[in-house]
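Subject: Structure handover

Hello,

Here is the structure we spoke about, with sequence and coordinates together. My notes on it follow below.

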Amino acid sequence: MGEVVTSGLGLNERAWLLADAMVARAAELRVNARTLAGGARVIDAGIDVTGGYGAGRALAEICMGGLADVAYPPVSIGSESLPGIRVWTDHPAVSCMASQYAGWAIHVGKYFAMGSGPLRAHARVEQELFGKLRYAETAGRGVLVLETRAAPTDEVAAWVAEKARLAQRQLTFVVAPTASLAGGVQIAARILETGLHKMDTLGFDVTKIVSGVGTAPVAPVAKNDLRAIGRTNDCILYGGQARYTVDADDAELTELTPKIPASASRDYGTPFYDIFRRYNNDFYKIDPLLFSPAEVWLTSVRSGKTYHAGRLNPEVLRASLFES
């Protein structure tokens, strides 16, 4: 695995300052902040508040530990021009996998949510993943993002604080449900992360990825979280494009690239909501290799050659986003 490298990127401090800025702009961003009895701060970006695109952008930046640029250019998918997101980072392995990836299961009593954000790089509960990333940081305060319709309680905050070896007052939670504007944005902003996670699953060393830039449509808000899970996933699986600059040789990229797009999965080809129902709403029965961008480009810094695989799928995306 190699020894852990603590690079001093300060993901948690960057994210904490972004969270402070959200609170300072709460009225503008339509978010709400409160402090739990134990001292943890909770910023609601879409449960009991309206939130919006501004809150979504802040949420996405916090998820990536302040190491990514997030913007809203339109994207063209077939004949459709859709609201879109563009994300770029010069620290893909750290910002996407050590921070943004929803890899920490927060399970306290009946409460369950998957945790994203830079607190993961401090807590390092996911030992195998962080061993491969060779990244850690020691933070004096930390930020965790939860995709949930139930804000964390004092009991949840106490559990997280213990696992992270921090006091509750040193924690900020930022929360939004899937079926919200901010929630939809932060999922679309995972366009690069899904590609990295797929490459990691395929056994590729993602620390070799030098930089990345990706685009994806931002899904219209769905009527409930289950429908929103379908729409937001489809925006990446059928409408997401990711370009990676990689420190790898041509032979490695020739073998790797065709395996990355969502179309390489046996479950590809229909809206995610329908796939979910096919497996009786059991997320873990879905082929894990499905979750990746529709189309990817990998450029080798060693040879200058670019490798391409996958394609956009306007038909499936249209069926998902605009079903009657």
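Which residues line the largest cavity? Before the answer, one caveat: this is a predicted model.

The lining of the largest cavity is made up of Thr178, Ala179, Ser180, Gly184, Ala219, Pro220, Val221, Ala222, Ala228, Arg231 and Thr232. By class, six of these residues are nonpolar, four are polar and one is charged. Helix 10 (residues 225–237) is the element that contributes most to this lining, with three residues. The volume of the largest cavity comes to about 40 Å³.

Around it are Ile77, Glu80, Leu82, Pro314, Leu317, Arg318, Leu321 and Phe322. Two elements, strand 5 (80–82) and helix 13 (314–321), each supply two or more residues to that lining. Helix 13 gives the most, with four. In the lining of the second largest cavity, six residues are nonpolar and two are charged, with no polar ones.

The other item is strand 10 (residues 171–176). All six of its six residues are buried, so the strand is largely enclosed by the rest of the structure. Buried here means under 20% relative accessible area. In a regular strand, side chains alternate between the two faces of the sheet. In strand 10 both faces are covered: Leu171, Phe173 and Val175 are buried on one side, and Thr172, Val174 and Ala176 are buried on the other.

What does strand 10 pair with? Strand 2 (residues 41–44) runs parallel to strand 10 and is joined to it by four bridges. Strand 9 (residues 142–147) also pairs with strand 10 in the parallel sense, over six bridges. Phe173 takes part in both pairings: Val42 stands opposite Phe173, and Leu144 has Phe173 as its bridge partner in strand 10. Between strand 9 and strand 10 the chain passes through helix 7 (residues 154–164), and this β-α-β crossover is right-handed.

Regards

Methods
Residues numbered from 1 in each chain as written. Predicted model: local features only at pLDDT ≥ 70, side-chain atom pairs only at ≥ 80, totals over all residues. Heavy atoms only, no water. Buried < 20%, exposed > 50% of the residue type's maximum accessible area, 1.4 Å probe, protein only. Pairing = 2+ DSSP bridges. Right-handed = clockwise from strand over helix to strand, strands pointing away. 1 Å grid on protein atoms, 1.4 Å probe; cavity = no way out; pocket = protein on both sides within 12 Å on 5 of 7 lines; lining within 4 Å. Points joined across faces, edges and corners; volume = space filled by probe spheres on them. Nonpolar A, V, L, I, M, F, W, Y, C, P; charged D, E, K, R; others polar.
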